[in-house]
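Here is a short walk through one protein chain.

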Amino acid sequence: MKNILRSGRRQGTQKQGYDPHHAVNSHREERSNRSATSKVFINPQVEFNKNYLSVIAEVGQTVSDFVVVTNTGNTAVYYEWTKVKRGDFLEAKQSDFVPRFYCHYPKSVLLPNETKSFYFTFRSERVGIFTEEWEFITDPPLITPLPQFKLLGHSIREDEFVQGRNDLLAQLTESSILNNVGEIIRDIVGDVRTPTPPLPDLNDPEVCRVEFEEKNKDLRLWYHPVYLRWFRELEQMIYTAAEIPEEDQYWDTSIASLENNVSLVEDDTQRENLTRRLASLVNLSKSKPYERSIAYNPMRDILVGVANKIPDISDQIRKDKEMCDYEWRAPPDEKELTEEEYEAALNEIKTLREKEKTTGPKKKKAKSPEDEQKEIDDWKERV
């Protein structure tokens, strides 16, 4: 360069208007242009195939997804995945700051035109939606910075109340149907008049008993077929004395209705006699019939049982006493027998009686006191 400057000075001194500073600047520009054409530029750059991951997993299960990273620059890049730490700005979130996303192989080197898949795993023991932000830090820094990589995890649990909701829905549907049907029926039935029930059949003894005791329960009267027949006779006497028309002659077994009809009798003597007779029948009906007693059926069964045992007891006594057995004969029908047959039957009966008198019971040996006491005990037990 010194030689160039010297030659320039020599040439400049020979020429008029030579500027040495201009020559130096021109040389510097020429050298700069030569060095610029020979220099190589470094361009570190990386690209994601997507800027976020979204996964869904049940509580306690592990789910993974990946992002593809490509080195589109002309130099190797050292990288490291780093989680972005941030505070909980919303108190309603109630964050527990428990890590739920994990990166596989978070740091290494990425060569030019190389592509790698980075897997992120999500796992949570709680139900909810969880988010995290991660950064892809490189060395050297990228020309165009990458955005933060967002991770979104949905932790769900199997609905335990599906069957309960279905049952509730079925109940509500059934209740709605029943209510609708009930309203329709009420609308239909509301316009229908109930027919007058028929009069009770008082000719039936059981129906008459129920009606009589129910209508007169304040008087504490008891039903008896004989007393009711007497009430019926008194009823006809009242209708005759009071001159009640036949179409109005109906007694519902109520004593109060008989008293009202008696009051319609104009003759004082008849009215007094009918009142007295009615009062006597009422007094009779206040006595409870013996067959309605609680002890009636047990005592009847006992007496019937004793009566049924009498033939067996009689046979046993005759056997113990060594007496003749009974001979049962059908009584003769005098209208159908001739005179000769009738005489023959009488003679046969006389012969049997004489035979019993002559034969008599067989003599038995005398019993000892022990045998007699045993026989007495046996008879007491039988009775």
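Ile238 is found in helix α5, which spans residues 225-242. Helices here are DSSP runs of H or I with at least four residues, strands are runs of E with at least two, and both are numbered from the N terminus. This is a predicted model: local features need pLDDT of at least 70, side-chain atom pairs count only at pLDDT 80 or more, and totals for chains, interfaces and linings use all residues. Residues are numbered from 1 along each chain as its sequence is written, and side-chain values use heavy atoms, leaving out hydrogens and water.

Ile238 counts as buried because its relative accessibility is 0%. Buried means under 20% relative accessible area, exposed over 50%, and partly exposed in between (1.4 Å probe, protein chains only). What is Ile238 in contact with, leaving aside its neighbours within four places in sequence? The partners are Leu258, Asn261, Val262 and Leu274. Contact means heavy atoms within 4.5 Å. Leu264 lies 26 residues from Ile238 in sequence, and their C-alpha atoms are 8.9 Å apart.

Now take the whole chain. Its secondary structure comes to 10 helices and nine strands. Of its 383 residues, 19% are buried. Among contacts with a separation of 6 or more, 68% join residues 24 or more positions apart.

Finish on the outside. Glu340 sits in helix α9, residues 339-359. Glu340 is exposed, because its relative accessible area is 60%.
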